[in-house]
Structure formats: structure tokens, C-alpha cells
Amino acid sequence: MQIEDIVKNLPALFCALFVAILFLQSGLDKAFDWKGNVEWLTGHFSKTFLAPFTKLMVAKITVLELLTGVVAAAGIVADKVLQAANER
């Protein structure tokens, strides 16, 4: 692999790594502290029409954050595997 190829792909890889870390950390935080997150958001939305849907919203956003993080991490791995396969 040429140094130019590495430098050319670094910004995209750093962005994907940032997204993966960000969403995995946030999703795992919600999963491990489910009760605390639901309590805080229930209080936050208590005077809105969204109050009855708080648990459903937290569940959906947790799943979406975890999936986004996994897909971003998988994209980094896939990029590296495809680059290695193209070098052969």
C-alpha cells in the first residue's frame, strides 16, 4: 500500500471511527443504565404529548445507536479487507 492511499483515506476512516465510537458508547450507556435514562427522559418529556411513549422512544434510539455503531465499525473492517484483497 502506498502512503498516498493511506493519507487519502484517513479522513474517511477517522470519521467512521468517530461515528462508531460515538454511537456504540451512547447505545451501550443507554443499555447498561436503562432505568436511569428512562427516568431522566420521563421527567424531561413529562409535560409533553410524548410522555406515554418514553420507554418506546428510548428502546428505539438504543437499538438504532447500537446498529449505527456496529455498521460504522463493520465499514472500517470491510474497507481494510477490501484493500487487502485488491493488493493481491
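A residue is called buried here when its relative accessible area is under 20%, exposed when that area is over 50%, and partly exposed in between, with a 1.4 Å probe and protein chains only. The structure is a predicted model, in which local features need pLDDT of at least 70 and side-chain atom pairs count only at pLDDT 80 or more, whereas totals for chains, interfaces and linings use all residues. Residues are numbered from 1 along each chain as its sequence is written, and side-chain values use heavy atoms, with hydrogens and water left out.

Helices are DSSP runs of H or I with at least four residues, numbered from the N terminus. Along H3, the buried residues are Thr54, Val58, Thr62, Glu65, Gly69, Ala72, Ile76 and Gln83. An α-helix has 3.6 residues a turn, so residues three or four places apart point the same way. What covers the buried residues of H3 includes helix H1 (3-32) and helix H2 (34-44), where contact means heavy atoms within 4.5 Å.

The axes of H1 and H3 come within 7 Å and cross at roughly 150°, the axes being lines fitted to C-alpha atoms over the stretch in contact and the angles running from 0 to 180 degrees between N-to-C directions. H1 is therefore roughly antiparallel to H3, since angles over 145 degrees count as roughly antiparallel, under 35 as roughly parallel, 65 to 115 as roughly perpendicular and the rest as oblique. The residues of this contact divide into 15 nonpolar, seven polar and four charged, where Ala, Val, Leu, Ile, Met, Phe, Trp, Tyr, Cys and Pro count as nonpolar, Asp, Glu, Lys and Arg as charged, and the others, Gly among them, as polar.

H2 packs against H3 at an angle of about 125°, with the two axes 9 Å apart, and this angle makes H2 oblique to H3. In this contact, Trp34, Val38, Leu41 and Thr42 of H2 meet Thr54, Lys55, Val58, Ala59 and Thr62 of H3, which by class gives five nonpolar, three polar and one charged residues.

Thr62, in helix H3, counts as buried because its relative accessibility is 7%. Leaving aside neighbours within four places in sequence, Thr62 is in contact with Gly27, Lys30, Ala31 and Trp34. Thr62 and Gly27 are 35 residues apart in sequence, yet 4.9 Å apart in space, C-alpha to C-alpha.

Technical notes: Helix = DSSP H or I, 4+ residues; strand = E, 2+ residues; numbered from the N terminus.
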